[in-house]
Amino acid sequence: RAKFSLLSRQERLEELIEGRRIRFAFQPVVRLRDGAVFGYEALMRPTTEHFQTPLEILSLAEAQSKLRQLEKVTFQVLFEWVFDNIQQLGEKRVFFNTISAHYLDIARLRKIHPQYVRISKNLVFEILETASAENELLEKVNILRNELSALVAIDDFGCGHSNALRLMSISPDILKIDRFFISNIHSAPATKQEFLSNILAYCRARGIQTLAEGVETQEELASVARMGFDYVQGFYLGRPEFRLAGLEPQLEAEIAGLRRG
């Protein structure tokens, strides 16, 4: 039964990849300077009942050495969506995860979507590459940044391989700080707040914008605004939806009040 179940799941993964059975939900990323929606994080969702969560798909793809095929499909589906909705997006950015450094290559990106150059101004590549590929990653990020207008972000900073060494070597456009540091920041020990303040000061001095991930309460929002974060993302601002949702008026007013304060 176990072997049959494994084979069945392998087949389901093949069907998902070959049939491109995924879509994206979009969570707003809000600019604290003016309360405007700066962009959206694109979060993969399966369109088949055989997988319940993206993590389930990623874990199986990793076990079956199919992460690269899965990444290519996610890029294809997302790039097509961005191209089809480029008028609605305007200048807003779409954040999305890169599983590896393989497709951080202009020629490969153009093969994935022939209009890649046109949509690049709306894209933010979130780096999740392992530390073992640091030199290759740095070279590809620099080429990507120099040749096109796509932005580069380090995701989940402070978690796993997203460490200070990577921050210094890549010098991203945007640093996304993991929820581990944001949760209950208003009542966190002074050492935790001091750590964040030092990271923010480092980023400001080098022109790196900062994004607080996982903001879920009014108190957390007020704290990250006071500390000087540039962007904020989390359930308090908006949950992922299969459409591009704006910010609720009361939240716009709240952020305006924080700026005046």
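Val 30 has Val 232 in β8 as its bridge partner. The model is predicted. Strand β1 (residues 22-31) and strand β8 (residues 231-232) run antiparallel and are joined by two bridges. Both strands belong to a closed barrel of eight strands.

**Barrel**
- The strand order is β1-β2-β3-β4-β5-β6-β7-β8.
- Pairing around the barrel is mixed.

**Nonpolar cores**
- In soluble globular proteins, nonpolar side chains tend to be buried together.
- Here the largest nonpolar core holds 70 residues.
- Phe 79, Phe 125 and Phe 229 have the most contacts inside this core.
- Helix α3 (residues 67-84) gives the most to this core: seven residues.
- A second core is separate and has nine residues, including Val 29, Ala 153, Ile 174 and Leu 211.

**Contacts of Phe 229**
- Neighbours within four places in sequence are left aside here.
- Phe 229 is then in contact with Leu 32, Ile 177, Ile 182, Leu 196 and Leu 200, among others.
- Its list of contacts also includes Thr 210, Leu 211, Ala 212 and Val 224.
- Leu 211, one of these contacts, is a member of the second core.

**Glu 252**
- Glu 252 sits in helix α12 (residues 249-260).
- Its relative accessible area is 41%, so Glu 252 counts as partly exposed: the class runs between under 20% for buried and over 50% for exposed.
- Not counting residues up to four places away in sequence, Glu 252 touches Gly 35 and Leu 247.
- Gly 19 is 233 residues from Glu 252 in sequence, and their C-alpha atoms are 40 Å apart in space.

Note on methods:
Residues are numbered from 1 along each chain as its sequence is written. This is a predicted model: local features need pLDDT of at least 70, side-chain atom pairs count only at pLDDT 80 or more; totals for chains, interfaces and linings use all residues. Side-chain values use heavy atoms; hydrogens and water are left out. A nonpolar core is a set of buried Ala, Val, Leu, Ile, Met, Phe, Trp, Tyr and Cys residues joined through side-chain atoms within 4.5 Å. Buried means under 20% relative accessible area, exposed over 50%, partly exposed in between (1.4 Å probe, protein chains only). Helices (H or I, at least four residues) and strands (E, at least two) are DSSP runs, numbered from the N terminus. Contact means heavy atoms within 4.5 Å. Two strands pair if DSSP finds at least two bridges between them.
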